[in-house]
Structure formats: structure tokens, C-alpha cells
Amino acid sequence: MDPTYKNGSFALCWRLQYLFSEPKRGDIVTVRFAGRNVMLLKRILGVPGDTIAFRAGQLYRNGQKLDEAYVVHHSPWELPERTVKPGHVYLIGDNRGTVMKRHKFGQVETSRVIGGVIP
Amino acid sequence: MNRKVLALCSILLTAAIFFFLLPGDEKEIRHNLALLAKYSSSAGDEGTLLTLNKARSAARLCTESTPIAIESLHLKQQLSRKDISDHILMLKKMLPDTRFTFNDIQIDFPEANKALLNTTLSLDGTTKQQRFTDAYELRSTLVKIDGEWLFSSFTVVEFMER
């Protein structure tokens, strides 16, 4: 999640964030990666029904190019359009300087989203 | 009063012995998982004979034909014990100084002589002079054959779909 969150920095997970609401586009969340203790920090790009695509490193959501001010480095990612399934959210990190195949991103079941992040 | 206290202590002690010392299925499975981690791990200066023995020992913890699936690579293969041993040797060559550990272990017994295991596989090692750590969610099934619990399938779970 560089540069938004630096490697080695601390962040707290607010587990009650989605107690009475649903995850929204743009939210930074903690996702259960493996078991109960291994977590990822990712940003929500899409909610159910949204289409997500990458063309020459630029994100397109529902056919519209998005201006992502939080992304500093872009790599020329190409990803054909796909639709976020019901009960899922589309997650990605802010560090887009790496090649696409080395970046862990995609749609996950909402139940894997543990909570929001403080700060 | 003393007799009652003595009787209660005897009951508690017997229960403690049963719980902590006598073998159980879950204990045996956890023990086999710890062995699998030990045999898969490599220290940089491990000799060839030790490496071969470890790979064979790890394969003996599995059934004769064990399906392995890695969802992110769309890989599904049925491996014999020899294949498993060969793959572990290749892995040890690729990651010559790597520690395997299994954490967050959950074991269920849906039927007699069959177990379902969910765990987190953590890797901590050095490759090409660079330190690395990685974690995977692993699902496995085990069967009890001739009194011994053996791993009968492995699936590396991929929960993110691009």
C-alpha cells in the first residue's frame, strides 16, 4: 500500500466499521489473507455490479477512467473488464509500480473484510 | 472431608492424564503436521543424505496417491509418494534455507477415520541472498489407514480472484 502506508509502519484495524454499513468504494480495509492472523491492507475499487479494467496502467470502473491521486507509480497493467460478483468487493493495493503478476489483487468475499483502518 | 478431597484430586488427576498424556487423533494429526514442517524445512548446510531422507520421510506422511491443487496456478495433479519426494527435493533446491511452519490449525472429523484440516503455511527463508516471508492458506484431508493418519490431499487456497 505504498505510498499511502509505508512498509514497517503500524495501522490499527477498526473491526466495527462495517457493523451497520457496507464497504464502500475507496475504503482502505484489512482483509483476512490466511488463517486468523495473516492480514492484507487493500483499497476497495469496486462493489457488486461494478466492472473493473486496466488499460495501459489506468483504472477504468464502469467504463470510466478514474483519477487515482493516491497512486504515485504506474506500471502498464492490462486487465480485461470483469464484473464484481454479488457478496464480493474488488480490492487492490496503491503500489502499482510492480508488475501485475506480483501484485495480490482481485475480488474477495465481503466476509473476508475484517474492518477499516485507523489512521 | 479429607477423603472427599482425595477422591476429587484423584478424579482430576486421572482426567489430566487422559487429556495430556494419552494419544488422540487430533494430537497425532498435529504431530504429523509438525513432522511435515520439519521435513520440508531446510537449513543451508544440510547434507545430501539428510535432504534425501527428509524428502522421503515427508512423502511417507502422505497416502500413496495424493491430489495436490494450487488454485492460483490452476494446477491439479495426482502425486505418488515418489513424486512428492521429488517435488520436495526440487523445493529444497530452490529454497535452500527456508523454514516451514503451520499455524492456526483447525481440525474437524466429519466421519470416522477421516479428518479435514485448515491451516496457515508460513515460509521464512533466504533466496538469492534476499530474505523473504510468505503465507498461504492450506486445506488438507487426512485418512486413517492401519492406525496411522496420512495426508490424502492438499489444496493451496486462493481467495482473491482477478
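Tutor: Let's start with the sheet: chain B has an open one of six strands with mixed pairing, in the order β2-β1-β6-β5-β4-β3. Helices (H or I, at least four residues) and strands (E, at least two) are DSSP runs, numbered from the N terminus.
Student: What makes β2 and β3 of chain B edge strands?
Tutor: Two strands pair if DSSP finds at least two bridges between them. β2 (75–80) and β3 (97–111) of chain B each have a single partner strand, so one side of each has no neighbour in the sheet. On average, neighbouring strands here are turned by 25 degrees against each other, ignoring direction.
Student: And is this a prediction or an experiment?
Tutor: It's a predicted model, where local features need pLDDT of at least 70 and side-chain atom pairs count only at pLDDT 80 or more, while totals for chains, interfaces and linings use all residues. Residues are numbered from 1 along each chain as its sequence is written, and chains are lettered from A and ligands numbered from 1 in the order in which they are written.

Student: How do you know that β3(B) and β4 of chain B count as a pair?
Tutor: The cut-off is at least two bridges, and β3(B) and β4 (residues 114–127) have 11, in the antiparallel sense. One spot to look at is B:Phe100, which stands opposite B:Leu123 in β4(B).
Student: What holds paired strands together, in general?
Tutor: Strands of a sheet pair through backbone hydrogen bonds, either parallel or antiparallel.

Student: Which strands of chain B does helix α4 touch?
Tutor: Helix α4 (residues 81–94) of chain B packs on the sheet, touching β1 (65–70) and β2. Contact is when the C-beta atoms of two residues, placed from the backbone, lie within 7 Å. The direction of α4 makes about 115 degrees with that of β2(B); axes are lines fitted to C-alpha atoms, for helices over the stretch in contact, and angles run from 0 to 180 degrees between N-to-C directions.

Student: Why is B:Asp104 called partly exposed?
Tutor: A residue is buried if 20 or more other C-beta atoms lie within 10 Å of its own, exposed if 12 or fewer, and partly exposed in between, with C-beta atoms placed from the backbone. B:Asp104 has 17, so it is partly exposed. This residue of strand β3 of chain B also has a positive phi of about 50 degrees, although it is not a glycine.
Student: Is B:Asn113 buried or exposed?
Tutor: B:Asn113 has 12 other C-beta atoms within 10 Å, so it is exposed. You'll find B:Asn113 in the loop between β3 and β4 of chain B, with phi near 65 degrees, again positive without being a glycine.

Student: What makes chain A as compact as a globular protein of its length?
Tutor: The globule rule is 2.2 Å times the number of residues to the power 0.38, and the radius of gyration is taken over C-alpha atoms. For 119 residues the rule gives 14 Å and chain A has 14 Å, so it is as compact as a globular protein of that length.
Student: What about chain B, with its 162 residues?
Tutor: A compact globule would have a radius of gyration near 15 Å, but chain B has 19 Å. The C-alpha trace of chain B spans about 70 × 35 × 35 Å along its principal axes.
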